[in-house]
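Subject: Structure for your review

Dear colleague,

Please find below the structure that I am handing over to you. My findings follow it, grouped by topic.

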Amino acid sequence: MNDPLNIRLVEADAFERPVKLRLPFRFGAATLREARQIFLRVRIEDAQGRAAQGMAAELMVPKWFDKSPELSNADNENQLRRSLALALDALKNAGSGTAFGLHAAVEASHHARAAAEKLNGLVASFGLALANRAILDALCRLEGLTIAQAVKANRPGIDASTARDLAGFDLSGFLSTLEPSASLAARHTVGLVDAIVAGDIPAGERLNDGLPESFEEAIDAYGLTFFKVKVSGVADADIDRLCRVAAVIDAKVPSYSVTLDGNEQFSSAEAVADLLARVKEEPRLARFAASILFVEQPIGSAHAFEKPVKVLAAFKPVEIDESDADIDAFVTARGLGYSGMSSKSCKGFYRSLLNRARVAQWSAEDGIAYFMSAEDLTTQGGLAVQQDLALASLIGMTHIERNGHHYVDGMAGAPEAEQAAFVEAHSDLYRISNGRTRLRIEAGQLAIGSVVNSVGLGSSAEPDWAAMERSRM
């Protein structure tokens with residue numbers, strides 16, 4: 001192919017719709033019951049005047065990007081709207097460049113501008129990530145390519161200008177080797193207030209909406225073999241709950257894998273080490289402990305990079321998630337003994353690709369199995385979940401945390417015509433149940449052939465823009 005196209009961002013419009021959860025989802029100190037999903041539509045033009053439209057969507061999850069107790073859910077949402085407004089302003093003023101070149105031109109100044117408004121790195125990342133995905137989608141549509149074809153040929157023009165540690169690494173050569181899979185295993189989240197067995201749900205409180213309500217019912221319904229279990233940082237309560245979770249998995253699943261997510265609830269590496277030691281010593285957790293793949297972000301971001309975590313890594317690999325506030329976070333984490341990094345669309349498509357390149361380079365240099373994992377942000381069915389699946393598959397993930405389908409009743413907030421359009425375009429990924437378009441998870445797997453083979457970034461269907469509210473950016 002020719003050199004990557006130079007493009008410019010011409011227009012951008014943002015829309016929103018409310019999302020109500022069918023079950024409360026507790027992660028860390030927060031319990032999510034409702035949120036808003038933001039949708040972005042952009043138009044780009046190239047030097048010849050050819051234009052294309054692109055789109056992206058993400059749930060604005062309160063108390064994940066900024067966990068400050070002084071901020072309300074509405075405050076958190078306004079932070080994310082402001083981040084997007086700042087990113088779009090910067091990208092529009094960046095003029096013409098490759099898709100990645102536009103990102104590289106504004107990333108540092110965008111984060112600095114956000115910080116000046118007391119928006120942390122995760123919040124700043126949200127707006128730029130959403131805008132970049134919409135621009136990437138438009139670029140793919142302009143050139144008639146799937147996202148995998150575009151990345152493998154490096155049509156966005158990705159280089160090491162934002163990740164200087166990769167200078168000298170053959171990025172284009174590495175990107176050309178990426179091969180998306182047509183399926184991913186669903187890693188089921190067990191939230192901190194989830195019912196473990198059906199008996200935990202009082203008879204008068206059952207939803208009876210056609211979806212599983214307890215953890216054991218979810219295993220039966222979806223054939224799950226991968227699990228992500230939240231821990232609270234209160235050791236006695238965690239051990240008791242982990243034993244209950246393990247009893248269900250041990251009884252139902254012959255072979256399984258588990259990840260533990262601390263969601264920043266531990267004050268120090270020593271506190272995490274104490275819990276992990278107790279997990280290892282508890283006879284009822286023997287199979288469970290042997291099945292743990294890694295521990296995700298146990299220490300609060302304020303302290304996560306203060307001291308090495310090698311004492312934890314001696315038990316299981318440790319990865320960062322919330323501490324991934326900017327493109328240099330993985331570099332810092334590596335020096336402290338962390339070996340893993342989460343991939344989430346809300347933190348950045350390019351960041352995931354560059355971190356995946358780091359995994360390849362560092363693993364060869366250090367002889368250590370650096371890794372990435374695909375994690376969820378209660379990503380909703382439709383555009384958002386498909387773009388996240390496309391990214392995870394592209395960077396070589398074999399399983400991905402999915403929880404949006406469990407805590408929300410499918411595409412409940414979307415008009416019927418929009419739901420029908422997505423299930424028609426992506427019938428391998430969705431099914432219709434009780435009049436609702438919902439994720440199709442069979443034998444624990446998500447079939448995503450239609451996603452990775454769609455022109456654009458993962459979707460052959462569009463949201464109903466007219467049915468949404470304009471975002472108050």
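Two rings of Phe, Tyr or Trp (for Trp, its six-membered ring) are taken as an aromatic pair if their centres lie within 6.5 Å. With that cut-off, the structure, which is a predicted model, holds 15 aromatic pairs.

Aromatic pairs

A pair of aromatic rings is described by the distance of the centres and the angle of the planes. One of the pairs joins Phe 215 and Phe 227 in an edge-to-face arrangement, with 5.5 Å from centre to centre and 80° between the planes. Phe 215 belongs to helix α6 (residues 215-222) and Phe 227 to strand β5 (residues 226-230), so this pair ties together parts that are 12 residues apart in sequence. Phe 215 is buried, at 2% relative accessibility, and Phe 227 is also buried, with a relative accessible area of 0%.

Phe 227 has a further aromatic partner in Tyr 256; this pair is edge-to-face too, at 6.3 Å centre to centre and 75° between the planes. Because Phe 227 lies in strand β5 and Tyr 256 in the loop between α7 and β6, the pair ties together parts that are 29 residues apart in sequence. Tyr 256 is buried, its relative accessible area being 6%.

Is Ser 257 buried or exposed? Its relative accessible area is 17%, and the limit for buried is under 20%, so Ser 257 counts as buried. Beyond its neighbours within four places in sequence, Ser 257 is in contact with Thr 225, Phe 226, Phe 227, Ser 291 and Leu 293.

The nonpolar cores

The largest nonpolar core has 150 residues, and those with the most contacts inside it are Leu 40 and Phe 288. Helix α3 (residues 121-143) gives the most to this core, namely 14 residues. Apart from neighbours within four places in sequence, the contacts of Leu 40 include Ala 12, Met 55, Leu 84, Leu 88, Leu 130, Ala 134 and Trp 465. A second, separate core of 8 residues includes Phe 15, Phe 39, Leu 383 and Ala 384.

Val 42 is placed in strand β2 (residues 30-46) and, at 2% relative accessibility, counts as buried. Setting aside neighbours within four places in sequence, Val 42 touches several residues, among them Leu 9, Glu 11, Gln 53, Ala 134, Ile 135 and Ala 138. How far apart in space are Val 42 and Pro 24, which are 18 residues apart in sequence? Their C-alpha atoms are 33 Å apart.

Helix α8

Helix α8 (residues 269-281) has 13 residues, which should span 18 Å at 1.5 Å a residue; the C-alpha atoms at its ends are 18 Å apart, so the two values agree. The buried residues of α8 are Ala 269, Val 272, Leu 275, Leu 276 and Val 279. Seen down the helix axis, the buried residues of α8 fall within an arc of 125°, and they therefore line one face of the helix. The buried residues of α8 pack against α7 (235-252), β6 (257-261), α9 (286-290), β7 (292-296) and α10 (310-313).

Two backbone angles

Most residues other than glycine have a negative phi. Asn 154 has a positive value, with phi near 50°. Asn 154 is in the loop between α4 (147-152) and α5 (171-176) and counts as buried, at 7% relative accessibility. Gln 297 likewise has a positive phi, near 30°. Gln 297 lies in the loop between β7 and α10, and its relative accessibility of 1% makes Gln 297 buried.

Yours sincerely

Conventions: Residues are numbered from 1 along each chain as its sequence is written. This is a predicted model: local features need pLDDT of at least 70, side-chain atom pairs count only at pLDDT 80 or more; totals for chains, interfaces and linings use all residues. Side-chain values use heavy atoms; hydrogens and water are left out. A nonpolar core is a set of buried Ala, Val, Leu, Ile, Met, Phe, Trp, Tyr and Cys residues joined through side-chain atoms within 4.5 Å. Buried means under 20% relative accessible area, exposed over 50%, partly exposed in between (1.4 Å probe, protein chains only). Helices (H or I, at least four residues) and strands (E, at least two) are DSSP runs, numbered from the N terminus. Contact means heavy atoms within 4.5 Å. The expected span of a helix is 1.5 Å times one less than its number of residues. The arc is that of the directions from the helix axis to the C-beta atoms. Rings of Phe, Tyr and Trp (its six-membered ring) pair if their centres lie within 6.5 Å; planes under 30 degrees apart count as stacked, over 60 as edge-to-face and the rest as tilted.
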